[in-house]
Amino acid sequence: VYTLRRVVDGAERTELWTVPATGGGARPLVSRAGSASCPRIDPAGTAVAFLLSDHDAPPQVQLVPLAGGEPRSLGDFPRGVHDLAWYPDGAALAVLAEDEDSARVVRAPGLEPAASPTAIRLATVDWRSDGDGDGGLRLHPRHVHRLPLDGSRPTRLTSGDWSASRPRVDSAGAVYFLADRGGDADLWPAPQVHRIGAAPPEAPPGAGSGV
């Protein structure tokens, strides 16, 4: 399963396509307006989880049968999802979602959530990354959540004023991710591997233990 970027009726879109590994022609799996990314085939090999951003809406998790069909939405993260990985039992996904709140964003009392912030507080040099976030601004931390496929609420697995990246899940259900929680991470970034045990924690930790 791969992404294919093309122009349809004058509008750019990124679609999901699939091609048999044993040979044969490619066919569209998800062909609709918007931008599809991060396709991940489930452990059973019957479905594909992916991210879909429609127009200016933040990307959300979608699930589609590998044989084809209409995608269904999983979860609704206000600022969207940036990466995902399957749990080995196929019952949930580890997703990397952007926090709503941020110490870098200041809002006057009563300001609508969708409105532009009153001010932006910048105390580190890693606040911009071209092609990333809101116009290249990196203002909100990104953290790992466990997203069940049965429609129940997601469980936050990490929290803090730092960001996680590249979540992965092993065969026992332990979640791994990259993060640099050091005080000078913006100047000398050195992300390390962290691990969260197989059982979901009772309270969200600041991070998993370093490995």
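Reply: Start with Arg32, which is partly exposed, with a relative accessible area of 31%. Partly exposed is the middle class: buried means under 20% relative accessible area and exposed over 50%, with a 1.4 Å probe and protein chains only. The model is predicted, so to speak with care: local features need pLDDT of at least 70, side-chain atom pairs count only at pLDDT 80 or more, and totals for chains, interfaces and linings use all residues. Residues are numbered from 1 along each chain as its sequence is written, and side-chain values use heavy atoms, with hydrogens and water left out.

Arg32 has a charged partner. Its side chain meets that of Glu70 in a salt bridge, at 2.5 Å from N to O. Strands are DSSP runs of E, at least two residues long, numbered from the N terminus. Glu70 counts as exposed, because its relative accessibility is 60%. A salt bridge here is a side-chain nitrogen of Lys or Arg within 4 Å of a carboxyl oxygen of Asp or Glu. The whole structure holds ten of them.

Next, another pair. Asp99 and Arg156 join their side chains in a salt bridge of 2.8 Å, N to O. This pair also links distant parts of the chain, 57 residues apart. Asp99 lies in the loop between strand 9 (92-98) and strand 10 (105-106), and Arg156 lies in strand 13. Asp99 is buried, because its relative accessible area is 11%. Arg156 is partly exposed, because its relative accessibility is 27%.

Now follow Asp99 to His140. The side chain of His140 reaches the backbone oxygen of Asp99 at 3.0 Å. It also reaches the backbone oxygen of Glu100, at 3.3 Å. These are polar contacts: pairs of N or O atoms within 3.5 Å, where within protein one atom must be able to donate a hydrogen and the other to accept it, and residues adjacent in sequence count only if both atoms are side-chain atoms. His140 sits in the loop between strand 11 (119-120) and strand 12 (142-148). His140 is buried, because its relative accessible area is 11%. Beyond its neighbours within four places in sequence, its contacts include Arg79, Glu98, Val105 and Ser163. Contact means heavy atoms within 4.5 Å.

Two strands pair if DSSP finds at least two bridges between them. Strand 12 and strand 13 are joined by two bridges. In one of them, Arg146 has Thr155 of strand 13 as its partner.

One more charged group remains. Arg6, Arg13 and Glu15 form a network of salt bridges. Between Glu15 and Arg13, the closest N and O atoms are 3.3 Å apart. Both Glu15 and Arg13 are buried.

Terms used
Helices (H or I, at least four residues) and strands (E, at least two) are DSSP runs, numbered from the N terminus.
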